[in-house]
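I opened my notebook and the viewer side by side today. Here is what I looked up, in the order I went through it.

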Amino acid sequence: MDKQWENTFRGEIDGFQQAIAAFDRGELDRRAYKGMSGGMGSYAQRDPARHMLRLRLPGGRLDLERLDFLARAVEREQVGRLKLTTCQTIQLHDLGAEQVPALIERAMECGIYTKGGGGDNPRNVMCSPLSGVQPGEAFNVLPWGEAVSAYLLSICRDIHMPRKLKIAFSNGADDSVHSAFRDMGFQAREDGTFSLRVAGGLGALSPSMGVLVEERVVPQEVLYYVRAMIDIFCAHGDYQNRTKARTRFLQETLGQEGLRRALLDRAAQLKAQGGLDLPRPEAPASPGKAAEETLCHPRALPQKQPGLYAVKYHPIGGLLPPEKPGQLCALLQHMEGAELRIGPDETLYVINLTAAEAERVLAATGGGARTRFEHSVACVGAAVCQQGVRDSQSALRAAVEAVRAADLPDGALPRVCISGCPSSCAAHQAGAMGFQGCVKPVDKVPQPAFRMFLGGGDQPGRARFGQACAVILESDLPALLVELGRAAAEAGQDWEQWSAGHSAERDAIIAKYA
């Protein structure tokens with residue numbers, strides 16, 4: 001960002017420092033404080049004396065400079081809780097009021113801006129996490145995602161949207177970023193263009209697939225479409241009812257064809273004015289290394305660059321051990337071209353490694369998920385989040401312990417997605433199995449529970465939403481999962497095969513707990 005932008009942001013940090021101090025002293029209520037803090041990327045936790053800071057990382061990219069900042073910040077501030085998020089960011093939790101403004105300012109020194117990390121702002125721009133290195137991708141979408149992120153930051157002070165805006169870029173080989181149902185979803189095509197879907201989204205009210213508005217967007221013109229979408233949202237979005245103030249409700253307001261025409265017309269007007277064309281990105285520098293050694297390991301993924309690997313590491317529940325950034329930083333500074341990417345499923349990838357380097361990274365990242373089920377996704381949960389209804393992290397830990405004790409084979413259960421409230425932070429509707437925190441009356445006494453969803457998916461070209469099928473008491477969740485997984489294992493099938501072919505047996509097991 002330019003110096004003028006940064007100087008303005010520093011002034012906002014000074015104002016925020018006064019606001020967070022006033023909130024800490026009890027002079028500012030939660031509602032008023034939230035309206036101010038979200039735009040700075042911070043929220044108060046359920047314990048009002050503790051705060052969260054969300055680092056804005058376009059495409060989930062953590063190069064060595066940013067990783068070094070994170071490692072030093074965690075050590076200096078004694079950060080005890082780090083959360084990888086489904087929007088490819090990192091959240092620092094349990095911070096004191098005096099720590100947050102200082103961290104925001106220090107983050108700027110390595111190009112991390114928390115501006116717009118919450119509130120009614122364009123959020124972190126997402127990209128397929130292995131963009132640039134994934135075999136089978138149409139092309140590297142990360143440069144376009146980073147360019148859109150920079151543009152959004154440059155205009156975020158000039159626009160007042162009804163609610164947040166989430167933009168995602170899929171490389172065509174992977175759509176874990178859910179481009180099919182984001183506010184704006186660009187999917188790379190083999191001909192070098194993007195297909196564009198808009199006005200999709202999750203949430204408890206009217207989850208919607210995006211509307212296909214253009215099949216061949218020229219990458220250099222993506223900013224015209226982004227600005228057009230913002231203008232349409234500001235013109236037709238609901239500023240009165242926050243529940244319906246998301247782009248997906250434009251499908252009702254304008255109709256799908258009306259939305260499509262309005263967006264294309266506005267984009268055409270902007271193109272005629274000019275000024276938003278993006279340059280073709282320079283080809284990324286090659287890591288300049290390769291080796292003849294090969295590696296076969298379930299967490300080592302061959303890249304499209306011959307001889308190089310990406311290592312994946314999924315800390316259970318996306319809770320990154322506080323010592324891990326420092327360990328990885330010390331390790332990667334001796335590995336040319338290596339960097340980290342955060343996936344939307346809370347998986348961390350270390351890319352551009354030789355086989356020998358990958359072996360060392362594998363050794364440094366043990367202790368994470370071992371099976372498909374242990375790669376499950378959970379939001380931070382009600383123990384921390386003031387909006388939460390259920391403690392999704394606690395529920396996941398109990399389920400993992402029960403499944404491990406049952407010694408179920410890998411694949412007998414799918415990766416599940418657990419959201420602690422209706423906000424869909426874990427994208428529970430998009431999982432093969434998902435759970436949404438709720439309350440279930442039992443003998444007129446409210447009990448902690450989860451609404452269960454089945455059948456979601458996010459494969460490129462085959463995105464679909466799961467359907468709610470039951471409400472399960474939180475205390476019964478581990479037993480339900482074990483019984484479902486055991487039934488699949490006894491049939492000698494993985495979850496997808498068994499669930500599709502034994503739906504009556506599956507539903508009968510669920511009914512026992514519903």
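In which loop does Gln88 lie? I found Gln88 in the loop between strand S4 (81-84) and S5. Helices (H or I, at least four residues) and strands (E, at least two) are DSSP runs, numbered from the N terminus.

Before going on, I noted that this is a predicted model, where local features need pLDDT of at least 70, side-chain atom pairs count only at pLDDT 80 or more, and totals for chains, interfaces and linings use all residues. Residues are numbered from 1 along each chain as its sequence is written, and side-chain values use heavy atoms, with hydrogens and water left out.

**Entry 1**

Gln88 is not a glycine, yet its phi is positive, about 65°. (Buried means under 20% relative accessible area, exposed over 50%, partly exposed in between, with a 1.4 Å probe and protein chains only.)

Asp94 has a positive phi too, near 65°, and is likewise a residue other than glycine. Asp94 sits in strand S5 and is partly exposed, at 25% relative accessible area.

Next I clicked on S2 (residues 51-55). Five of its five residues are buried, so S2 is largely enclosed by the rest of the structure. I checked both faces: His51, Leu53 and Leu55 are buried on one side, Met52 and Arg54 on the other.

Which strands pair with S2? Strand S1 (residues 42-44) runs antiparallel to S2, with three bridges between them, and S2 also pairs with S5 (residues 90-95) in the antiparallel sense over four bridges. (Two strands pair if DSSP finds at least two bridges between them.) Tyr43 has Met52 in S2 as its bridge partner, while His51 stands opposite Leu95 in S5. The link from S1 to S2 is a hairpin of six residues.

**Entry 1: the cores**

I then looked for the nonpolar cores. (A nonpolar core is a set of buried Ala, Val, Leu, Ile, Met, Phe, Trp, Tyr and Cys residues joined through side-chain atoms within 4.5 Å.) The largest has 56 residues, and Ile90 and Leu92 touch the most other members. Leaving aside residues up to four places away in sequence, Leu92 touches several residues, including His51, Met52, Leu53 and Leu55. (Contact means heavy atoms within 4.5 Å.) A second, separate core has 44 residues, among them Leu196, Leu223, Tyr224 and Leu264.

**Entry 2: helix H8**

Leu264 took me to H8. This helix (residues 256-273) has 18 residues and reaches 26 Å from its first C-alpha to its last, close to the 26 Å expected at 1.5 Å a residue. (The expected span is 1.5 Å times one less than the number of residues.)

Gly274 follows H8 and has a positive phi near 75°.

**Entry 3: an open sheet**

I traced five strands in an open sheet, in the order S3-S14-S15-S12-S11, with antiparallel pairing. S3 (61-62) and S11 (300-302) are the edge strands with a single partner each, so one side of each has no neighbour in the sheet. S3 and S14 (residues 339-342) share two bridges, and Arg61 stands opposite Arg341 in S14.

**Entry 4: further along the chain**

S17 (residues 416-419) and S18 (residues 433-442) run parallel, joined by four bridges. S18 and S19 (residues 445-454) run antiparallel, with ten bridges. Their hairpin has two residues between the strands, and Asp443 there takes a positive phi near 50°.

My last stop was Leu408, in the loop between helix H11 (392-406) and S17. Its relative accessibility is 13%, so Leu408 counts as buried. Leu408 and Val482 are 74 residues apart in sequence but 7.9 Å apart in space, C-alpha to C-alpha.
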